[in-house]
Amino acid sequence: MKGNLRWRILVAVIVIGLGLIYALPSFIPSGSFLARVLPDKDVNLGLDLKGGINLTLGVDMNKALSNQLDQLGEDLRSVAREQDILVLKPRSVGTEALEFLLLKPEKSEQLNRLIKENFSKQLSIDSAQTLDKDRMRYRLSLVPSYRTKLKDMTLDQALKVIRNRIDQFGVTEPDIRKLQNNRIQVQLPGIEDAERAVDLIQKTAHLQFQIVDEEADLQKAVQGQTPPGSELAYLQRRQADGSYAKEPIVLKERVLMTGEYLTDASVSFDQYNQPYVALSFNKRGSRIFERVTEEHVHKRLAIVLDDKVYSAPTIQEKISGGRATITGNFSVEEAHDLAIVLRAGSLPAPVEVLQERSVGASLGQQSIEQGVLSMIVGGILVLIFTIVYYGIGGLIVDTLLVFNILLVLAALAGFGATLTLPGIAGIILIIGTAVDASVLIFERIREELRRGMSPAKAVDEGFSRATLTIIDANVTTVIAAVILYQFGTGPVRGFAVTLSIGTIASMFTAIFVSRIFFDLWLSRKRPAASLKL
Amino acid sequence: MGLQIIKPDTRIDFLGYRKIALIVSGLILLLGLGSILVNGGLNYGIDFSGGITIQVKFQDDLDLKKVKTAVAPANLQDMRVQRFGLEGANEYLLRLSAENRDAEEVRNQVSAALEESLGTGFEIQRLEMVGPKVGSDLKNKALQALFYAVLLISIYISGRFEQKWFTAGIMAVGLVTGLYLLELLAVPLVYLIVAALLITLGLCWYLQLNYALGAVVALVHDVFITVGIFSLLNKDFDLTTIAALLTIIGYSLNDTIVVFDRIRENLRSKTSRTLKAIINTSINQTMSRTLLTSGTTMLVVLSLFILGGGVIHDFALALLIGVIVGTYSSIFVAASLLLGIGPTPEKEEEEGVGASNEPAQV
């Protein structure tokens with residue numbers, strides 16, 4: 001028994017020592033001697049305590065799929081043209097199929113072969129229906145495996161682009177991860193300007209260069225009558241007060257160049273100290289840009305980003321060297337963010353904010369203060385109540401309680417768990433319920449003593465009888481906490497974590513540590529009467 | 001030696017009050033249920049219903065009317081303004097639907113309106129937007145959580161707590177097959193939860209797991225009363241409420257298990273002649289512990305309720321109700337029910353680990 005006791009003391013001391021080592025760094029100022037010796041693990045604070053933004057974004061997969069179908073249609077048309085096969089009006093039908101017309105049905109054999117050779121991994125022919133002697137309607141659908149791959153790629157690409165943008169925006173410790181159902185979760189601690197962040201993330205950043213159609217009638221275009229091959233767009237003009245005026249403008253539908261050749265985008269200032277975004281293209285882009293500007297000298301070239309026209313300057317002369325600028329009366333911030341999204345690349349599909357939770361840093365601080373205050377007040381009340389109720393025995397219960405809280409904090413820091421406001425509530429709740437296990441044991445020992453058992457026998461009986469009840473009663477709480485963790489979201493998960501850690505710690509302190517106290521007491525061979533609870 | 005509030009020889013006739021308790025429980029349950037029916041269902045918070053919530057803190061004392069006037073220029077038609085947290089905190093919640101709205105635009109509109117009417121004496125502390133898709137996902141997850149809680153806890157208490165793992169196995173198989181069949185029929189989750197509860201109660205009855213039956217009835221009682229009171233107080237029902245409910249389930253069972261364990265032990269050592277006397281003795285014996293544990297728990301939950309701030313206020317309230325009701329139900333619901341149906345019949349061969357702890361006394 002004695003040797004056994006020594007081992008148990010050793011285990012308890014090690015566990016509580018580890019508890020101290022892990023729990024302390026969260027309380028001492030960094031830079032002090034202790035802070036350098038102890039492990040570098042603070043308790044992580046959740047966004048509801050630190051302040052920041054939590055976004056759930058939905059990637060518009062349907063749009064990504066139909067975009068891809070359109071792209072495949074264009075590719076197919078150009079490949080077919082090289083072999084003198086005329087494919088008309090390729091267009092996506094929903095997210096499943098691609099339809100087009102084939103002129104000269106006698107070429108259908110040849111076309112089928114072409115599709116099999118070039119597109120068999122992506123597309124399969126559903127039907128080819130002869131409409132009349134000149135035309136056949138083809139219907140192709142995405143190969144299922146390619147469809148899955150496409151979805152994965154789109155989500156990965158979106159994740160990468162968003163991560164890029166946020167990194168360049170300069171957020172410390174952002175957390176960006178994939179969720180189920182084509183969703184992405186973005187956590188930005190410490191960001192106050194939610195609007196700007198959401199804007200930055202949500203911009204598709206699809207850059208296009210198109211020529212302005214000067215001959216079109218603006219009046220008619222606004223009423224919905226645009227000449228064939230042209231489309232209506234709006235030129236954004238920033239007013240002095242920061243709002244935007246929209247001015248209708250008609251553009252030729254044909255896209256002369258896109259942002260895919262961009263190598264850099266940065267903010268510069270003109271002689272009036274107005275910020276603008278300077279773009280540089282790679283070699284191929286430079287060549288295309290040179291050709292485009294040469295072919296359209298003295299015409300207006302519209303710079304379109306996400307269907308908004310930012311500027312439409314007149315091309316004075318051929319531009320070589322692969323440089324262009326986007327001007328538009330920006331604020332410095334806007335120019336900065338625009339440069340970021342252009343550098344980070346465009347999103348493969350539009351992204352929708354499905355859920356947003358933003359907490360200001362002041363509310364986070366207030367929550368911490370209120371949480372800690374209620375923890376301290378509640379804790380002191382419990383300590384006093386227990387001593388009043390139990391006397392000396394209460395002191396033991398309180399010591400165990402302090403160990404318990406220490407272990408919870410240590411576990412939170414050691415496992416790198418995140419502390420949220422409900423998590424603090426969980427610790428507070430644990431302070432109240434943790435006494436239960438030791439009280440069950442103590443009550444039991446008290447009773448056995450009253451029945452006239454010897455102290456040693458009473459302690460033995462008390463522990464063995466109460467232990468099963470304690471385990472039974474606590475397992476249900478742990479089950480509830482595990483389920484909560486499994487199905488809960490951020491803050492609630494924090495609660496589940498503190499609740500389960502606290503419950504397990506309370507069983508350890510009550511069953512294992514308190515037994516040591518009793519055995520130590522008994523081993524001093526005091527008279528039986530001194531064991532009073 | 002501390003206070004002995006409960007003297008060792010205390011003999012309160014708890015079960016004598018069981019009829020009054022039945023009436024009280026029944027009344028509160030009916031009131032809660034009535035309120036849910038009158039309100040046309042639970043008062044879902046934005047977690048489940050979707051929508052936008054903006055929490056604003058004002059520097060000066062403003063009453064509800066003034067706040068409403070102050071945000072009026074934002075011209076957001078369906079916006080509801082409600083006080084938040086404790087009196088005097090000057091915190092208000094603005095709630096509106098998220099349909100066809102951009103949350104950040106709404107923030108700007110509200111901010112501009114408040115600036116126009118109040119200048120700078122306000123701060124937007126929090127904004128939450130839950131789209132309809134996420135809302136229905138969260139609701140589904142919450143229901144799943146409740147469903148699995150019922151499932152696992154039923155299996156656990158019929159096994160470990162009753163110490164009849166074989167019967168628990170039958171229970172588990174019965175539950176899982178029953179629910180699997182229902183799921184094949186594409187029954188909505190809410191009904192699945194109700195079904196899980198009914199199957200559990202039915203199986204407990206059929207298999208004569210009377211302790212488990214009492215415990216489950218008590219926890220259902222606690223959850224319904226908490227939900228009912230929340231509805232009566234017009235409180236929002238959201239994710240944290242679910243967290244509170246699951247905690248209450250754990251707490252309620254904890255309390256019931258302690259009382260039932262003592263009843264079972266006293267039955268084995270045959271300390272009294274009648275079942276009623278045995279149950280009463282057991283409740284009295286555990287009373288000291290019950291008072292201490294629920295006392296300390298109430299203390300901390302109360303301090304959280306009063307000092308914890310607006311965000312955690314309703315969560316603390318749910319826990320507060322749960323702790324009171326959970327303690328009450330172990331005695332007046334679970335133990336009373338046990339008196340009515342009798343304890344689980346004991347069979348020597350089915351006793352597990354507990355048997356070795358039996359005292360030698362006769």
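Predicted model: local features only at pLDDT ≥ 70, side-chain atom pairs only at ≥ 80, totals over all residues.
**Exercise 1. Burial of a helix residue**

*Solution.* 
Step 1. Apply the cut-off. A residue is buried if 20 or more other C-beta atoms lie within 10 Å of its own.
Step 2. Find the element. B:Leu239 belongs to helix α9 of chain B, which covers residues 239-269.
Step 3. List the contacts, leaving out residues up to four places away in sequence. From chain A, B:Leu239 touches A:Gly488, A:Thr489 and A:Val492. From chain B, B:Leu239 touches B:Asp47, B:Leu138 and B:Ala142.
Step 4. B:Gly16 is 223 residues from B:Leu239 along the chain, and their C-alpha atoms are 39 Å apart.

**Exercise 2. The domains of chain B**

State how chain B is divided, and describe the contact between its domains.

*Solution.* 
Step 1. Read the assignment. Domain 1 of chain B takes in 14-41 + 135-344, and domain 2 takes in 51-130.
Step 2. Take the centres over C-alpha atoms. Those of domain 1 and domain 2 of chain B are separated by 38 Å.
Step 3. Count the contact residues. Domain 1 of chain B supplies four residues and domain 2 of chain B supplies five residues.
Step 4. Sort by class. On the domain 1 side of this contact in chain B there are four polar residues, no nonpolar and no charged ones.

**Exercise 3. The extent of chain A**

Which domains make up chain A, and how does its radius of gyration stand against the globule rule?

*Solution.* 
Step 1. Take the inventory. Chain A has 16 helices and 19 strands.
Step 2. Look at the spans. The C-alpha trace of chain A extends about 110 × 60 × 40 Å along its principal axes.
Step 3. Chain A has domain 1 (2-51 + 360-530), domain 2 (62-147) and domain 3 (208-325). The C-alpha centres of domain 1 and domain 2 of chain A are 68 Å apart.
Step 4. In chain A, 43% of the 533 residues count as buried. Of the contacts in chain A between residues at least 6 apart in sequence, 68% join residues at least 24 apart.

**Exercise 4. An open sheet in chain A**

Give the strand order of the six-stranded open sheet in chain A, and name its edges.

*Solution.* 
Step 1. Write the order. The strands run β11-β10-β16-β15-β9-β12 in chain A, with mixed pairing.
Step 2. Find the edges. β11 (244-252) and β12 (257-258) of chain A each pair on one side only.
Step 3. Inspect one pair. β10 (residues 230-238) and β16 (residues 308-311) of chain A run parallel and are joined by two bridges. In this pair, A:Leu235 has A:Val309 as its bridge partner.

**Exercise 5. Where the chains meet**

Describe the side of chain A that touches chain B, then follow strand β18(A).

*Solution.* 
Step 1. Count. Chain A puts 66 residues in contact with 64 residues of chain B.
Step 2. Name elements. Among those of chain A that supply at least two residues each are α7 (194-202), β18 (351-359) and α16 (490-523). The most come from α11(A), with 17 residues.
Step 3. Classify. The chain A side divides into 34 nonpolar, 23 polar and nine charged residues.
Step 4. Examine α11(A). This helix has 30 residues and reaches 43 Å from first C-alpha to last, close to the 44 Å expected. A:Gly391 follows α11(A), with a positive phi near 65°.
Step 5. β18(A) and β4 (residues 122-130) of chain B are antiparallel, with five bridges. A:Ser358 has B:Leu127 as its bridge partner, and A:Arg357 has B:Glu128.
Step 6. Pair β18(A) within its own chain. β2 (residues 52-59) of chain A is antiparallel to β18(A) over eight bridges. Here A:Leu55 stands opposite A:Glu356.
Step 7. Check cover. Eight of the nine residues of β18(A) are buried.

Terms used
Residues numbered from 1 in each chain as written. Chains lettered and ligands numbered in written order. Domains from an automatic or database assignment. Contact = placed C-beta atoms within 7 Å. Nonpolar A, V, L, I, M, F, W, Y, C, P; charged D, E, K, R; others polar. Helix = DSSP H or I, 4+ residues; strand = E, 2+ residues; numbered from the N terminus. Pairing = 2+ DSSP bridges. Buried ≥ 20, exposed ≤ 12 C-beta atoms within 10 Å, placed from the backbone. Expected span 1.5 Å × (residues − 1).
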